[in-house]
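Please look at the sequence and the structure first, and then read on with both at hand.

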Amino acid sequence: MSDQPNTTPIPIQQPASEVCATCPAHSRANLLKLGVDMTDWDYVVALAGNPNTGKSTVFNALTGLRQHTGNWPGKTVTRAEGGFQFGGQRYKIVDLPGTYSLLATSVDEEVARDFILFGQPDVTVIVADATRLERNLNLVLQVLEITERAVVCLNLMDEARRHNLTVDDRRLARDLGVPVVPTSARRGEGLQELLQAVDDVASGRTVCRPHRAKVQSGKLAHALDQLTTQIQAAYPQLSNARWVALRLLDGDEAIADALRRGDLGDLNKPAALDPVRTEVLPLEAVS
Amino acid sequence: MSAPSEQREGILQLADQLRWEVGQGFHEQLMEDLYTDAARLADRAVTRPDVKERFDLDRTIDRLVTSRIWGFPMMILLFMLVFWITISGANVPSAFLSSILIDQLHPILKSAAASIGMSAFLSGLLIDGMYLATAWVVSVMLPPMAIFFPLFTLLEDFGYLPRVAFNLDNIFKKSGAHGKQALSMMMGFGCNAAGVVATRVIDSPRERLIAIITNNFALCNGRWPTQILIATVFIGALVPSYLAGLISALAVVGIAVLGVLLTFLSSWTLSRTVLRGEVSTFSLELPPYRPPRVLQTIYTSMIDRTMYVLWRAVVFAMPAGALIWLCANVTIGDLSIAQHLINFLNPAGILIGLNGVILLAYVVAIPANEIVIPTVLMLTVLVTGMSGQGAGAGVMFNAQSNADLLTLLHAGGWTLLTAINLMLFSLIHNPCSTTIYTIYKETGSLKWTAVAALMPLLLGLTVTFVVAQVWRLFGG
């Protein structure tokens, strides 16, 4: 989709809760940290983002768990899971390893991508570092190619302020076509708004129209169109046909295999009760 | 709602055909488009400050701590400071805990057991064996851990560790290993099992195996207390008391640095023998310095690390305490089982500058390195026949001060060589059973698990043997 800010619907968090959200009684009543209790969840939330953007901090703040967080890229190499309850709905939240891309060139990237792709999260929260927006948007854009139901958590706003940076979150939300919530997870700022945005996307109150990068080269655009049309014909329900086409063109064996198995058709089924487990495969012994 | 399989195959064929048409450079083009897009969107959203390049504190610190000249000295100084604080700060609370748990609570428990008519065997097993071993582990290990871990975590949260990785990256590459191995090694300083899991950030299987096998040389949680205690008791005693803390810290840092050197050496050897291949390149991100949230850090490092390690030590210390007490009190012929084992291991122990007690302690401590020192002390008491009030065979001596400890160990035939070789052997020997199991889970290969377990053990035996021979040749 090309850049048309005026015609793209603006996903804004509902201001109704704005006054209440500042009241501590309201916060306590609304967020129930469930720790590792993840029974009977209504929605699954995936937490993606670049390394060292505070994903684990957001995870801990929501679940009440205390996974150690470090100022340390690559801190989370395995998936951590926890639960919370918000607005009467029970959520399971999965903290994915931090990655710079979703091209699945390493184990952690594969874990993150497979979960967003096959784990069928109802909402994918992409934690982005407000002080390094450009680098973080690379991943945001890649995630938005795969899934429509996403919320960008613009974290480390306190750091951004310290560096005198101003980030226009509403403009970014308009450009990206998904809700953008500024937060400082370490201080607990913005988490109520984040939860509200997640809840709105999960329940379908907010409908996202994610930004998808335009392909510049004419030859490529033509090839892509051809393949996308074929895929759409085979899987009319698929919302990320273009991304699948791109991956197939790039020779991505994992996606080709998923197509062969016929798993791709299920990609957009909402809230599967038993998401596919994407465990880290043991390292192949060499020599 | 899966599409028919011929339709699926059709899509794949079309993709293959189109891939040839779009040709090379397609992937790069895509990435470039993505980056351009991200840059444009970021540019629209972010307003940068008008003030041009004020004094940038982060960059100034980075220039200093990753400088070619100052990087390494600063690294060593910083770690020395951490150990010095740990060593000089841990003495008082250690003595306090030991006086409560061992001097006061132990006799109370013994008399309580006697008053309810508990048999001597049972009260020996439970109180002299299990309770005392646990009490020892807590009083010896808790204070240094409670000081060391928060300090280390503060450094981690501040953002210093990636700078250390940055400094070490070049040497790792020269060793034929992946630069990110510096990160898994840093994790290994906390716990080797965690370090082995952390090697997942390394993409290439060859370099990942090197990182897994050599992670053992990063001195872990379980071994820091051993190093700190032995350095304090033996090395610190060599110099006047006002220098003792500093010199002990220097000795511990020396051992840790030796571990790093061994990591390079063994990586180099592996990458030139069984694990040959190309070195991959990668980019290492230096995260911004963040003021650590001190109270929160202290809290989480107490819960996550200190209590975790302590709990693990206690869980292993209780059965080990029972086992040692049994070994010391069940006799075959006119000697206890422990005495038999020690006599059996003694010649080999002496040969490598240690003794039978230490070797037996290392066998008992395979599940957890944390209990080496308490086990050594229990067994030494047994061998020397020295014991505290109301205690019998296989009961831990209640050392009230480092001087008492030194007296006890001297009585057990320890010399400076024993202490140095114990420190060396503690650094270079097989990883604990948890780490070995983690290595098996991560590699999925018995062969590499065996290599990772036996290579350090053989190296440790070799190093201590050579040191002992050279020492005896020159020192007599």
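Tyr43(A) has a relative accessibility of 16%, so it counts as buried, where buried means under 20% relative accessible area, exposed means over 50%, and partly exposed is in between, with a 1.4 Å probe and protein chains only. This is a predicted model, in which local features need pLDDT of at least 70 and side-chain atom pairs count only at pLDDT 80 or more, while totals for chains, interfaces and linings use all residues. Residues are numbered from 1 along each chain as its sequence is written, chains are lettered from A and ligands numbered from 1 in the order in which they are written, and side-chain values use heavy atoms, with hydrogens and water left out.

## Aromatic pairs

A pair of aromatic rings is described by the distance of the centres and the angle of the planes. Rings of Phe, Tyr and Trp (its six-membered ring) pair if their centres lie within 6.5 Å, and planes under 30 degrees apart count as stacked, over 60 as edge-to-face and the rest as tilted. By this rule, the count over all chains comes to six aromatic pairs. One of them joins Tyr43(A) and Tyr91(A), and this pair is tilted, with 5.4 Å from centre to centre and 40° between the planes. Tyr43(A) lies in strand S2 (residues 43-49) of chain A and Tyr91(A) in strand S4 (residues 89-95) of chain A, so the pair ties together parts that are 48 residues apart in sequence. Helices (H or I, at least four residues) and strands (E, at least two) are DSSP runs, numbered from the N terminus. Tyr91(A) is buried as well, with a relative accessible area of 2%.

Another pair, formed by Phe234(B) and Trp414(B), is stacked, with 5.9 Å from centre to centre and 20° between the planes. Phe234(B) lies in helix H10 (residues 224-235) of chain B, whereas Trp414(B) lies in the loop between helix H16 (402-411) and H17, so this pair ties together parts that are 180 residues apart in sequence. Phe234(B) is buried at 4% relative accessible area, and Trp414(B) is buried at 3%. Back in chain A, Tyr43(A), Phe84(A) and Tyr91(A) form one aromatic cluster.

## The two chains

The table sets out some totals for each chain; accessible areas come from the Shrake-Rupley method with a 1.4 Å probe, and for residues only the protein chains shown count as cover.

| Chain | Secondary structure | Buried residues | Accessible surface |
|---|---|---|---|
| Chain A | 11 helices and eight strands | 59% of 287 residues | about 11,400 Å², 49% from carbon and sulfur atoms |
| Chain B | 19 helices and three strands | 54% of 476 residues | about 20,700 Å², 69% from carbon and sulfur atoms |

A contact means heavy atoms within 4.5 Å. Among contacts in chain A between residues at least 6 apart in sequence, 71% join residues at least 24 apart, and in chain B residues 24 or more positions apart account for 78% of the contacts with a separation of 6 or more.

Most residues other than glycine have a negative phi, and most peptide bonds are trans. Leu156(A), however, has a positive phi near 60°, and this residue is found in the loop between strand S6 (150-155) and helix H6 (157-162) of chain A. Asn164(A) also has a positive phi near 60°, and its place is in the loop between H6 and strand S7 (166-167). Are these two residues buried or exposed, or in between? Leu156(A) counts as buried at 4% relative accessibility, whereas Asn164(A) counts as partly exposed at 39%.

## Cysteines

A disulfide is a covalent bond between the sulfur atoms of two cysteines. With a disulfide taken as a pair of cysteine sulfur atoms within 2.5 Å, a search of the whole structure finds zero disulfides over all chains. Cys432(B) is in no disulfide, and the nearest cysteine sulfur, that of Cys220(B), is 6.3 Å away. Cys432(B) counts as buried at 9% relative accessibility.

## Inside and surface of chain B

Thr418(B) is found in helix H17 (residues 416-427) of chain B and is buried, with a relative accessible area of 5%. Not counting residues up to four places away in sequence, Thr418(B) touches Gly353(B), Leu354(B), Asn355(B), Ile358(B) and Gly413(B).
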